[in-house]
Amino acid sequence: MTILQVKFFLAICEFGGFSAAADEMYISQSSLSKQIKSLETELGLPLFLRSNNKVSLTPGGEMFLTYARIFVNTYSDMVAHLSGLSKDIVTENIYFGTLPLLQDYHIAKQLAVFQENMHNIQINITEASQQELLHLLLAKKINLSILRLNYLNTDQFDFAPIHEDRFTLVCSKKHAEPLGKGPLSLRKLHDYPFVILGCESDIYQLCMDQFAKADFSPNITNMTSRHLHLLNMVDEGIGITILPKIMMNRRIFPNLICIPFYEAMCTTIGIVRLKNVTIPHQADMLYQYFMEHGLSPVSKEPN
């Protein structure tokens, strides 16, 4: 098993398929498939289910995903610490956390722009859930993080809003036909099955609060921890879901439909740091950079 194979595996999970991951990793799809096949052979189990040009994780793949993230993060930490021993090069490390939004919110592009004119800076990225990232900030394992601000404890954290999202209904064409183009009310969805993100996500709590406000009890049939898995279930017609519109990946799911709500359902993304704690100078510069520039502009998607 090589670190590159593990990174290939994580790229497929992040970008939703072999083709998109191959493009992002600058490798041919056939070479990527061979690397994953070699990894599966070594592990003795399949990691992905492949059907109709779509992929999803097997139970073994779900378990391996947890260890793969730890493996890559540990490898990055090792490289950072060893490189710091060099007498000729002084590298400053920034430990940066983010929700699983690197692709949808163009966060990697912002980090690249910031780092372009910097010398001897290494940004170590940890991608995790809201609660996991808050724990890492409190434990001082990361310096900064991209988080949702809706339920943030302002006594513990400093933050700056950098992007606001409006929620939308996401559904297959089968479910969209009787609903029309909208906007629509939550109450109109009484008879529809819902698939939603799990309770470890702030999106779950935002949805539950909105349901309660509308005095609406959704028929939740499935929950998952990853929004790409969620969109895959919606694409298969298993149910409908509610997500920030920017998270609706049309490149991977071109047949899904977005319908706006009457209700003002919004979430704010921000850059967050621990209050009253000194962080490395370059990490502070990155915090100020996000405060000033926000997130990269993203192309507007049609409904």
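**Close-up views of a predicted model**

View 1. Arg 166 is partly exposed, with a relative accessible area of 40%. Here buried means under 20% relative accessible area, exposed means over 50%, and partly exposed lies in between (1.4 Å probe, protein chains only). The model is predicted: local features need pLDDT of at least 70, side-chain atom pairs count only at pLDDT 80 or more, and totals for chains, interfaces and linings use all residues. Residues are numbered from 1 along each chain as its sequence is written, and side-chain values use heavy atoms, leaving out hydrogens and water. Arg 166 belongs to strand β6 (residues 157-171). Helices (H or I, at least four residues) and strands (E, at least two) are DSSP runs, numbered from the N terminus. Apart from neighbours within four places in sequence, Arg 166 is in contact (heavy atoms within 4.5 Å) with residues including Leu 243, Pro 244, Lys 245, Phe 261 and Glu 263. Leu 274 lies 108 residues from Arg 166 in sequence and 27 Å away in space, C-alpha to C-alpha.

**View 2. Strand β3 between two partners.** Of the 7 residues in β3 (residues 92-98), 6 are buried. Strands pair if DSSP finds at least two bridges between them. β3 runs parallel to β4 (residues 121-127), joined by 7 bridges. Tyr 95 stands opposite Asn 124 in β4. With β5 (residues 144-148), β3 pairs in the parallel sense over 3 bridges. Phe 96 has Leu 144 of β5 as its bridge partner.

**View 3. Helices α2 and α3.** α2 (residues 18-25) packs against α3 (residues 29-43) at an angle of about 105°, with axes 9 Å apart. Axes are lines fitted to C-alpha atoms, for helices over the stretch in contact; angles run from 0 to 180 degrees between N-to-C directions. The two helices are therefore roughly perpendicular. Angles of 65 to 115 degrees count as such, under 35 as roughly parallel, over 145 as roughly antiparallel, and the rest as oblique. Phe 18, Ser 19, Ala 21 and Ala 22 in α2 meet Gln 29, Leu 32, Ser 33 and Ile 36 in α3. This contact has 5 nonpolar, 3 polar and no charged residues. Ala, Val, Leu, Ile, Met, Phe, Trp, Tyr, Cys and Pro count as nonpolar, Asp, Glu, Lys and Arg as charged, and the others, Gly among them, as polar.

**View 4. Helices α5 and α10.** The axes of α5 (residues 107-116) and α10 (residues 281-293) come within 11 Å and cross at roughly 120°. That makes α5 oblique to α10. Among the contact residues, α5 supplies Leu 111 and Phe 114, and α10 supplies Met 285 and Tyr 289.
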